Amino acid sequence: MEELVKLQLNYFNTNATKPVSFRITQLKKLESLIKSNEELLNEALRKDYGKGKFETFLTELYVVYDEIKVALKNLEEWTKIKPIETNLLNAPAKSYIMPEPLGVSLVIGPWNYPYQLTLGPVVGALAAGCTVILKPSELTVHSSSLITKLINENFDSEYFTAVEGAIPETTALLEQKFDVIFFTGSVSVGKIVYQAAAKHLTPVILELGGKSPTIFMQDSNLDITVKRMLWAKFLNSGQTCIAPDYVYVHKSIEEKFLQKVSEEMQVMDYKLKNDNYVHIINERNTSRVASLIDKQKVYIGGNYNIVERFVEPTILTNVTWSDKVMQEEIFGPVLPILTFDNLDDVIKEIKQRPKPLALYLFTQDENIKQKVLSEVSFGGGCINEAVMHISNGELPFGGVGESGIGNYHGEAGFRAFSHYKSILDKEVTPDPDVKYSPYTDEKLEMLKSVVA
Ligand code: NAD
């Protein structure tokens, strides 16, 4: 690991990654590498946890293509020097901000979207002009080894390489000094990464998790909104960091809401033998998700098969904050429904807990939208939709508080891997002596009149 980081640092110091033309060539190369291997990439994900090609395209490959498209379209603009006004004290001079790549970057990915959440950040790193060491998750054996192979066969390791491994390998990587670390995963491992980075004062971007609330107000158009919310929840079998974790429904529409949920769940084709219903990543997680299902509270579903790594889409009702399902991020196809009378009570409950990664609000009332958006802190989210904010490549994506530090996608991804150097470029003449000693009262008066 030490040699690899040294190799990349030496390469970075040749300035080879800095020309915009170089970065564009590399991004295009990455794009064509993925495009020409789509079938293999689909197959690997199917082997890992039964993900079908529809979801693989929509939630993995498309997102990476979109990131690359946005970067290629805007890179010239993003890399431009930005002129800033010069104050009177420094005139005559030019002031400007100049983006520069941070240097050697480490990108650590999770298993739940093994292409999007590894290659997405990599696009930001390459666009910014960094070198990259990518460490995909060890849990998606087939997709991680495929992307490692594709990257290592097509890019020079001094510029962009992938390293497979679990805790020991990641620990060894984290002992090295990087210029920036981008981590996506759990809150607990995020803290380990943050501590390791602190030893070298390395900046981090932490994309973490948590429980994302969803609120249905009385005026919600249930015919449309319930379908949207359920799709977002059961996508990837609920193994999505921004999945609606739990739903708060206004008491006055509970019956209609549940009726609509039943109707939609009958239409949705999420069965064990369905090629489009994603499995749970491993038996350990299947048992964990299954243990969150309180049989007494099952409204729909509730069946599971640990060996087949399958949990049926499950709706729980009459749920309260003391239920087990409300004690941790669910990260599976189980959806608890809580009810409320007063929005202020919901806001209070959410604010007592770690700041969520996402929040979804279903209403058409502008005052309620403004109230929730201005009173509750969360990473990002949607109104009358769920999950899809991640698919707009120009919207920065990230958490706040325990759900993460920093953000990426589009220009935010470029910024995450860049430093913005501030420069005062001064004319040689004139050189008034007001700031030089001897410091007289007269000079002080003159100085005050300039800066006041
Ligand atoms: P994880 O934290 O277990 O693993 C993530 C990465 O860290 C893997 O590459 C793994 O090898 C490595 N790792 C694990 N333990 C480590 C240790 N002790 N020391 C060093 N490295 C270690 O996360 P996961 O199970 O792969 O993903 C699920 C979690 O990630 C959920 O909490 C989810 O909400 C979160 N997540 C967040 C986002 C986001 O964009 N904010 C996206 C996806 C997942």
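View 1. At 8% relative accessibility, T184 counts as buried, where buried means under 20% relative accessible area, exposed over 50% and partly exposed in between, with a 1.4 Å probe and protein chains only. T184 lies in strand β6, residues 180-184; helices (H or I, at least four residues) and strands (E, at least two) are DSSP runs numbered from the N terminus. Leaving aside neighbours within four places in sequence, T184 is in contact with I108, G109, P110, L117 and E207; contact means heavy atoms within 4.5 Å. This is a predicted model, in which local features need pLDDT of at least 70 and side-chain atom pairs count only at pLDDT 80 or more, while totals for chains, interfaces and linings use all residues. Residues are numbered from 1 along each chain as its sequence is written, and side-chain values use heavy atoms, with hydrogens and water left out.

**View 2. The six-stranded sheet that includes β6.** This open sheet has the order β5-β4-β3-β6-β7-β18, with mixed pairing; two strands pair if DSSP finds at least two bridges between them. Strands β5 (160-162) and β18 (404-405) stand at the edges with a single partner strand each, so one side of each has no neighbour in the sheet. Strand β4 (residues 131-135) pairs with β5 in the parallel sense over three bridges, and I133 stands opposite T161 in β5. Helix α5 packs on the sheet and touches β3 (104-108), β4, β5 and β6. The direction of α5 makes about 170° with that of β4; axes are lines fitted to C-alpha atoms, for helices over the stretch in contact, and angles run from 0 to 180 degrees between N-to-C directions.

**View 3. Helices α2 and α5.** Helix α2 (residues 20-35) packs against helix α5 (residues 116-128) at an angle of about 155°, and their axes are 8 Å apart. The two helices are therefore roughly antiparallel; angles under 35 degrees count as roughly parallel, over 145 as roughly antiparallel, 65 to 115 as roughly perpendicular and the rest as oblique. In α2, R23, L27, L30 and I34 meet L119, V122, V123, L126, A127 and A128 of α5.

**View 4. The seven-stranded sheet.** Here the open sheet runs in the order β10-β13-β14-β9-β8-β15-β16, and the pairing is mixed. Its edge strands are β10 (298-300) and β16 (380-383), each pairing on one side only. Strands β8 (residues 213-216) and β9 (residues 246-250) pair in the parallel sense over four bridges. The bridge partner of P213 in β9 is Y246.
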